[in-house]
Amino acid sequence: MGKWITLNEASREFSIPKHEILRLIEKREITASKNENLWFVSKDDLASYLDTSEDTQDKACDIRDFVLPDPLVTVDLSDLKFIMKSYQQMTPLFKMIIHEMAMLIPDPKKRDVFVDISSGKSFKEVAEKYDLPNIKARYLYSASLKIIEKKVGFLQRYREEKATLINYNRKLEIERKNLLRSNTELSKKMEKLSGPTIDLIEKPEPAMNFIPVEVVKVLSQKIEETFNFSKRTTNCFNAAGIITLEDLLRFTKDNGFDKLLNIRNFGISCLNEVTARLIAKKIITRKQKCQYYKYL
């Protein structure tokens, strides 16, 4: 039966997580013995299983060795040329997406394994490249996928949190301007009653406008929650950084709503949807004039 080693020793020597070895013991894939609370496994038996498992899994999983029988291949030549051309165009973009996803993985070894396997290399090639057992390479790749899955959507959450902070800062700025305006009016009244007084608060600029609280609430509305636009329109706005109604009106203030057509994937149907919804909400008129532009 060969040498017996503990579970910890097997995990270190073969670079396999202990729970994976326990799974093999439960399935009776390897010989093991338990003395009180301590597991012992046969070193030779485990090594033999891993060698056999690597060869079998590589043959089963290497898609490049899989060929369809001739009777099933009925692809038109023009279709085949189009598929090949599309694949050539997509390959650089796909690789770029893989590297962007890899940036979410903090561990360098997991990141390298993820990039190589996702780019088309087999588990056997990756294991040999980094001097790892085949099962260890599979474990690292699986762990990388779980990390990416947990972090999906973090950019959208970041944008929403950023938009919330921006709106909060804008509200504070508006309140500051209103306080300065009130202070100026109060100082003028005091001068009339008792002569000049020392103004302890900085006076506002002459051109500073008072913004009613009701207007602040309207401009702070989140587009996605308030106007119920289509998924495509909402995605276009998120990609362009347009989160609130104020963002949308600032974007269209100078060049009108036709400027929205400059956003990628934003077409005429999206434009008609947006203008119709804003007219219905009485944000703009049918001539695309807006009463809120003067506050921006």
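**Exercise 1.** In this predicted model, find how many bridges join β1 to strand β3, and in which sense the two run.

*Solution.* Start with β3, residues 38-42. Three bridges join β1 to this strand. The two run antiparallel.

**Exercise 2.** Work out the order of the three strands in the open sheet.

*Solution.* Step one: β1 is joined to β3. Step two: β2 and β3 also pair, over four bridges and in the antiparallel sense. Here N35 stands opposite L38 in β3. Step three: the order is β1-β3-β2, in an open sheet with antiparallel pairing. The edge strands are β1 (4-6) and β2 (32-35), and each pairs on one side only. On average, neighbouring strands of this sheet are turned by 30 degrees against each other, direction ignored.

**Exercise 3.** Look at the hairpin of β2 and β3. Which residue takes a positive phi?

*Solution.* Two residues lie between the strands of this hairpin. E36 takes the positive phi, near 60 degrees.

**Exercise 4.** Explain why the buried residues of α1 lie on the same side of the helix.

*Solution.* First list them: L7, A10, S11 and F14 are the buried residues of α1 (residues 7-14). They cover an arc of only 100 degrees around the axis, so they sit on the same side of α1. The general rule: an α-helix has 3.6 residues a turn, so residues three or four places apart point the same way.

Key. Residues are numbered from 1 along each chain as its sequence is written. This is a predicted model: local features need pLDDT of at least 70, side-chain atom pairs count only at pLDDT 80 or more; totals for chains, interfaces and linings use all residues. Side-chain values use heavy atoms; hydrogens and water are left out. Buried means under 20% relative accessible area, exposed over 50%, partly exposed in between (1.4 Å probe, protein chains only). The arc is that of the directions from the helix axis to the C-beta atoms. Two strands pair if DSSP finds at least two bridges between them. Axes are lines fitted to C-alpha atoms, for helices over the stretch in contact, and angles run from 0 to 180 degrees between N-to-C directions.
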